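Reader: I would like to learn how to read a fold from its packing. Could you walk me through one?

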Amino acid sequence: MQGRRISLLPLLLVALFFLLKAHTAAWAKSAQASANLALQVHLISSAPGAQKWERLATFPRAERLDLASLQTPGNEGSGSSLFNFFSRMADSSWSVGLHESRYAYDLIESVHVWALCLFFGLAVMFDLRLLNWTMRTVPVSEVARRLLPWTVVGFVLMVISGALLFSAIPLRSYQNIFFRTKMILLLLAGLNVWIFHSGVYRGVATWDLNTAPPRAARVAGALSIVLWVCIVLSGRMIAYNWFDCDRQPQRPIINYLTSCVPPAPEH
């Protein structure tokens, strides 16, 4: 019976994917129809001495529209709750004040960079020991005892400052492809740490003084270095707006991955 449940799991995941895909497609179609209506407005002339008249006007193609204004509540698809939540957060006095502060945002960003240097540097030193590339005569447990406490301090400061930076620009960060990539990589890095400490590291006493740590420890160290290098790179790229929602046209895959709805083309 348990084997049958496991075999049905992929089918359920595929069915769920197609349901979400259909729901997202319907949302995009609805949003594009709303965009078509928003692009056409009636302007009433208020020139003195002239009779009121109406003319149909359209926004020029080069105009950069605020796509968030085209995404009204209820048409954001499967991510509507998150979109609404981060939209309200972006309009809050806390978020606006932090983003427009003359000193606070820059100071928090500086603390974030300092904490990142502390955490990343110590984590890489420990990973290099796991790879047996440095401190070969020092037991792994001793390296962990000396480095991991300060690594935890750097990680905590990095998370707190990063959360504050996110709260300053939550909506733009939520729809940033580099931010989403960073979050996925952080989950993978956390999974790698959990597997290492709950698995091979429990037997550190048996291989502590060996010439080289076991293969599983070396693989965990290599994965940690690769993941954190990619996390730092994607985090740095968040500041660039190459794929922001208001920089249209973008490739369909970019709009899909960032939950952006491009305006409908003019006719």
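**Reading the packing**

Author: Gladly! Tyrosine 201 touches Val140, Ser141, Ala144, Phe196 and Trp207, leaving aside residues up to four places away in sequence. Please keep in mind that this is a predicted model.

Reader: Which residues have the most contacts inside the largest nonpolar core?

Author: A nonpolar core is a set of buried nonpolar residues joined through their side-chain atoms. Here the largest one has 13 residues, and those with the most contacts inside it are Phe126, Leu130, Val140, Phe196, Tyr201 and Trp207. Helices H5 (104-130), H6 (140-168), H9 (204-207) and H10 (215-237) each supply at least two of its residues. H6 gives the most, with four. There is also a second, separate core of eleven residues, which includes Leu171, Tyr174, Phe178 and Met237.

Reader: How do I read a pair of packed helices, and at what angle do H4 and H6 cross?

Author: Two packed helices are described by the angle between their axes and the distance between the axes. In this model, the axes of H4 (residues 93-100) and H6 come within 7 Å and cross at roughly 100°. That makes H4 roughly perpendicular to H6, because angles of 65 to 115 degrees count as such. At the meeting point, Trp94, Ser95, Leu98 and His99 of H4 contact Leu164, Ser167 and Ala168 of H6.

Reader: Staying with H6, is leucine 157 buried, partly exposed or exposed?

Author: The residue is found in H6. Leucine 157 counts as partly exposed because its relative accessible area is 41%, which falls between the 20% and 50% cut-offs. Its C-alpha atom is separated by 8.3 Å from that of leucine 116, 41 residues apart along the chain.

Reader: And a charged side chain: what is the nearest side chain of opposite charge to lysine 182?

Author: Lysine 182, in helix H8 (residues 177-198), is buried yet has no salt bridge. The nearest side chain of opposite charge is glutamate 109, 9.9 Å away. A salt bridge needs the charged atoms within 4 Å. What lysine 182 does touch is His112, Ile231, Ser234, Gly235 and Ile238, again not counting residues up to four places away in sequence.

Reader: Finally, how many helices and strands does the protein have?

Author: There are eleven helices and two strands, in the order α-β-β-α-α-α-α-α-α-α-α-α-α along the sequence. Of the 267 residues, 32% count as buried. Among contacts with a separation of 6 or more, 71% join residues 24 or more positions apart.

Note on methods:
Residues are numbered from 1 along each chain as its sequence is written. This is a predicted model: local features need pLDDT of at least 70, side-chain atom pairs count only at pLDDT 80 or more; totals for chains, interfaces and linings use all residues. Side-chain values use heavy atoms; hydrogens and water are left out. A nonpolar core is a set of buried Ala, Val, Leu, Ile, Met, Phe, Trp, Tyr and Cys residues joined through side-chain atoms within 4.5 Å. Buried means under 20% relative accessible area, exposed over 50%, partly exposed in between (1.4 Å probe, protein chains only). Contact means heavy atoms within 4.5 Å. Lys and Arg count as positive and Asp and Glu as negative; His and the chain ends are not counted. Axes are lines fitted to C-alpha atoms, for helices over the stretch in contact, and angles run from 0 to 180 degrees between N-to-C directions. Angles under 35 degrees count as roughly parallel, over 145 as roughly antiparallel, 65 to 115 as roughly perpendicular and the rest as oblique.
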